[in-house]
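Welcome! Please take a moment to look over the sequence and the model before reading on.

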Amino acid sequence: MKTSRVALLATAVLTLAACGSGDPLAEPTEEGTSSGTGSAVVVGSQAYYSNEIIAEIYAQALEDAGIDVTRQFQIGQRDVYLQALEGGEVDIIPEYTGNLLQFYVPDTEARSSEDVAAALPDALPEGLTILEYAEGQDADSYNVTTEFSEENGITSLADLAGYDGEIVVGGNAELESRPYGPDGLQELYGVDVDFLAIGDSGGPLTKDAIRDGTITMGDIYTADPDLASGDFVTLEDPESMILAQNVVPLVTADRAEELAAVLDEVSAALTTEELIALNARSVNEQLDPATIATEWLTEQGLVGGGS
Amino acid sequence: MTLFAEAWAWLTAPEQWSGRATLLDRVGEHLQYTLVALLVSALVAVPIGYLVGHTGRGRQLTVALAGAGRALPSLGLLTVLTLLVGIGEADRAATVVFVVLGVPSVLAGAYAGVENVDGAVTDSARAMGMTPWQVLLRVEAPLGLPLLVGGLRSAALQIVATAVLAAYVGLGGLGIYILRGISLRRYDEMLGGAIAIVALAIVLDAVFALLGYFAVRVASGQGRLSTSTEGHR
């Protein structure tokens, strides 16, 4: 019943948004602030299960603070949802600092959490801003099997230079062209690698490929619960080759203050460990995002009696 | 238009023609997956199609089954099968997925070709004392050849377009450019890859159009004349 109503609302908003898309709609909001604070906040999410959980957490935290929320989840490509944010059709979406920065500044030199977050406000187009970023990261990481790590004494990317055998790196097709892909490994760690494109973003195919030796190491996101299974060793990155990917709410500037009041608290509680635990509940227990979000927010004292 | 100019520039850039995995390597992989899948589709579908067309039995069932196979989402099937056989054997999983797409067209071409042969022709062939095998191989198969080639032609097109998915499970092919182009927002690369796939599809289609032309000649008698003279030698 509740979900159908939400769906209905989402459809209605979509239709409205579709009718008056783009700039003609953006102009009047400045004079008529009535639509600013009063209207529902549209929370978006990527088509990535972990991102949807975070979006659901944002949504429930906002609802608890008495703000009307419309959910617009599972928007696929970054191109698409960023356009929706710029056009005012979506007000907030959970993002990852590094990928967001790289979208606007492909050749950025920033790597650490602080540097990336500091570079973002200037990089973002007008009308968009970020709130406080969470400590929790969902970054790329290179992983080998535990056996490989133990047999060859390799625990860090820097150890790879001393390895005699052939190294095949697997990950999404675009990793081959990323600065932290094969070129970065060559430049910063002096390792020559072959590349195999596996398109499931560090999912089961990539993990299988690492396990069965098709690839030596694979790119898996750090918030993946399977990394705690003991099958894999995540190689350290002493040269900070890989971009930081802190979870951060990306919001439309005119609602930033209102949203920050609620979400800064949420971000403060969201560590990588918490992120992994949240993802594990989805992967292992097959719970839906709404349940996971409610339980986490309650457990953290972020909703209900606390505030 | 500038996008097409950029795609053209990408296609002709030296990076695409030298180095580890050139455009030609990718075309080769793509073509290999397509042709292997097409061959397997033919091996599976032609005997079944001939059997169905020749006996006139089981048509409903085979058509329904083949059609259902076509409705399976290819990417999902590919992921599940690859996980099942292990990613080291991903080429087999991919072949199965492409065969599932190719079989319905080939099957339709095979049985329609045999089924549409005039009843009077097969009757007279039997009256001449031909065995059922002879009727099938010497009368029905040659006469149905144009339709079979037509079926192969549309299967080839389906498969060459879907072989993009091979890149998803580490098999390369031209899909690499599309997947990578989307993620990196390199539209020149994406469009360049798409153009390469279209070009490959057009070439394949032209080859089958040519085969279709010869098939019609076989069906309209010239072919049979030559085989019958061979028989007298």
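The report below walks through the two chains, their contact and their packing.

## Getting started

What you see is a predicted model. Of the 233 residues in chain B, 43% are buried. Among contacts in chain B with a separation of 6 or more, 74% are between residues 24 or more positions apart.

## The domains of chain A

Chain A is divided by the domain assignment into domain 1, made of residues 2-137 + 245-306, and domain 2, covering residues 142-234. Where they meet, 9 residues of domain 1 of chain A are in contact with 5 residues of domain 2 of chain A. On the domain 1 side, helix 12 of chain A (residues 272-285) gives the most, with 7 residues. That side of domain 1 has 4 nonpolar and 5 polar residues, and no charged ones.

## A sheet in chain A

Now look for the open sheet of 5 strands in chain A, with the order 7-6-8-5-9 and mixed pairing. Strand 7 and strand 9 of chain A are the edge strands, each pairing on one side only. On average, neighbouring strands of this sheet are turned by 30° against each other, direction ignored.

Which strands of chain A does strand 5 pair with? Strand 5 (residues 142-145) runs antiparallel to strand 8 (residues 217-219) of chain A, over 2 bridges, and A:Tyr142 has A:Asp219 as its bridge partner in strand 8. Strand 5 of chain A is also joined by 3 bridges to strand 9 (residues 232-234) of chain A, again antiparallel. Here A:Thr145 has A:Phe232 as its bridge partner. A parallel pair is formed by strand 6 (residues 168-171) and strand 8 of chain A, over 2 bridges; in strand 8, the bridge partner of A:Val169 is A:Met217. Helix 10 of chain A packs on the sheet and touches strand 5, strand 6, strand 8 and strand 9 of chain A. The direction of helix 10 makes about 165° with that of strand 8 of chain A.

## Where the chains meet

How many residues does each chain bring to the contact? Chain A gives 17 residues and chain B gives 17 residues. On the chain A side, strand 7 (194-197) and helix 10 (204-211) each supply at least two residues. Helix 10 of chain A gives the most to this side, with 4 residues. By class, the chain A side divides into 7 nonpolar, 5 polar and 5 charged residues.

Helix 8 of chain B (residues 175-184) is worth a visit too. This helix is mostly covered, with 8 of its 10 residues buried; among them are B:Ile176, B:Tyr177, B:Ile178 and B:Leu179. The buried residues of helix 8 of chain B pack against strand 7 of chain A, together with helix 2 (23-55) and helix 9 (187-219) of chain B. Just after helix 8 of chain B, B:Arg185 takes a positive phi of about 55°.

## Nonpolar cores

The largest nonpolar core has 83 residues, and B:Ala94 and B:Val169 touch the most other members. Helix 5 of chain B (residues 90-115) gives the most to this core, with 15 residues. Leaving aside neighbours within four places in sequence, B:Ala94 is in contact with B:Tyr33, B:Leu78, B:Ala166, B:Val169 and B:Leu171. A second, separate core of 58 residues includes A:Val42, A:Leu100, A:Ala117 and A:Val303.

## A closer look at B:Pro104

To finish, find B:Pro104, which lies in helix 5 of chain B. Why does B:Pro104 count as buried? Because 24 other C-beta atoms lie within 10 Å of B:Pro104, and the cut-off for a buried residue is 20 or more.

Apart from neighbours within four places in sequence, B:Pro104 is in contact with B:Ala66, B:Gly67, B:Gly69 and B:Arg70. B:Leu65 is 39 residues from B:Pro104 in sequence, and the two are 8.8 Å apart in space, C-alpha to C-alpha.

Note on methods:
Residues numbered from 1 in each chain as written. Chains lettered and ligands numbered in written order. Predicted model: local features only at pLDDT ≥ 70, side-chain atom pairs only at ≥ 80, totals over all residues. Domains from an automatic or database assignment. Contact = placed C-beta atoms within 7 Å. Nonpolar A, V, L, I, M, F, W, Y, C, P; charged D, E, K, R; others polar. Pairing = 2+ DSSP bridges. Core = buried A, V, L, I, M, F, W, Y, C linked by C-beta atoms within 7 Å. Buried ≥ 20, exposed ≤ 12 C-beta atoms within 10 Å, placed from the backbone. Axes fitted to C-alpha atoms, helices over the stretch in contact; angles between N-to-C directions.
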